[in-house]
2 protein chains.
Amino acid sequence: MAQAILINAFEVPDGHDDEFLEGWEEGKRLMERRPGYVSTALHRSLDPTARFRYINIAVWESADAFQAALTSPEFTAYRARIRFTHYPSVYEVART
Amino acid sequence: MAQAILINAFEVPDGHDDEFLEGWEEGKRLMERRPGYVSTALHRSLDPTARFRYINIAVWESADAFQAALTSPEFTAYRARIRFTHYPSVYEVART
């Protein structure tokens, strides 16, 4: 099965970087111990006023593995506490 | 100088994939011949209803090289014809 690429764009207002990063680290700790987790890379815009200040790109062994982690009770509780608007979806590389 | 990562999220309504892909290919042809271009990968969501149906991730040798290509007359003219809402910005990897 092809690897799944989770891309999650976050709207983080200027001055809220520390709060966002603390939450991101907590989410990473929850996800990286789940079956099928491969890697993650948090991207920060060079422009502090970009619509999406942070974009997380994570790789999972499969979309099913990611969905199972996403819907776990502990991650569901974590997500409910995220105060930043975000747009997660699973992607595949379509063209290079 | 660190490589620059351009991430560009596109809102593409259901049924407009062919039109979008044709435009993306044209943009790629313009960019890949500019100095400092390294690579690009167009990501498509597995969910056709995702807010961002396509996310392009391109690597450039530097943010300056990308900005020079972005502001070239031919690319400026190309961008003016893009009908899909999109959110480009240059990123660096902040955490892994």
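Here are legends for a set of close-up views of this predicted two-chain model.

In this predicted model, local features need pLDDT of at least 70 and side-chain atom pairs count only at pLDDT 80 or more, while totals for chains, interfaces and linings use all residues. Residues are numbered from 1 along each chain as its sequence is written, chains are lettered from A in the order in which they are written, and side-chain values use heavy atoms, with hydrogens and water left out.

**View 1**
Two copies of a chain are related by a rotation about an axis and a shift along it.

**View 1. The copies meet through the same surface.**
On each side of the interface, 30 residues of one chain are in contact with 30 of the other (contact means heavy atoms within 4.5 Å). Since 100% of the interface residues of chain B are also interface residues in chain A, the copies use the same surface to meet. Together they bury about 2800 Å², with 62% of it on carbon and sulfur atoms; buried area is the accessible area (1.4 Å probe) that two parts lose on being put together, summed over both. B:L46, B:Y91 and B:R95 supply 23% of the area that chain B buries against chain A, more than any other three residues.

**View 2. Polar contacts and salt bridges cross the interface.**
Between chain B and chain A there are 16 residue pairs in polar contact, both partners at pLDDT 80 or more. A polar contact is a pair of N or O atoms within 3.5 Å; within protein, one must be able to donate a hydrogen and the other to accept it, and residues adjacent in sequence count only if both atoms are side-chain atoms. There are also 2 salt bridges across the interface, meaning a side-chain nitrogen of Lys or Arg within 4 Å of a carboxyl oxygen of Asp or Glu. One of them joins B:E25 to A:R95 at 2.7 Å, N to O. On the side of chain B that touches chain A, β1 (4–10), α1 (17–31), β2 (37–45), β3 (54–60) and β4 (86–95) each supply at least two residues. The largest share, 8 residues, comes from β4(B). Helices (H or I, at least four residues) and strands (E, at least two) are DSSP runs, numbered from the N terminus.

**View 3. B:S45 is tucked away in strand β2 of chain B.**
Is B:S45 buried or exposed? B:S45 counts as buried, at 2% relative accessibility (buried means under 20% relative accessible area, exposed over 50%, partly exposed in between, with a 1.4 Å probe and protein chains only). A polar atom of the B:S45 side chain lies 2.7 Å from the backbone oxygen of B:D47. Leaving aside neighbours within four places in sequence, B:S45 contacts A:S89, A:V90 and A:Y91 from chain A, plus B:A50, B:F52 and B:R53.

**View 4. B:H86 reaches for a backbone oxygen.**
B:H86 belongs to strand β4 of chain B. The B:H86 side chain comes to 2.8 Å from the backbone oxygen of B:F84. Beyond four places in sequence, B:H86 is in contact with B:N8, B:A9, B:F10 and B:R79.

**View 5. A:E19 and A:R83 form a salt bridge.**
The closest N and O atoms of this pair are 2.9 Å apart. A:E19 is in helix α1 of chain A and A:R83 in the loop between α3 (73–80) and β4 (86–95), so the bridge ties together parts 64 residues apart in sequence. A:E19 is partly exposed at 33% relative accessibility, whereas A:R83 is exposed at 60%.

**View 6. B:R51 and B:E11 meet in a salt bridge.**
The N to O distance is 2.9 Å. B:R51 sits in the loop between β2 and β3 of chain B and B:E11 in the loop between β1 and α1, 40 residues apart. Both B:R51, at 35% relative accessibility, and B:E11, at 21%, count as partly exposed.
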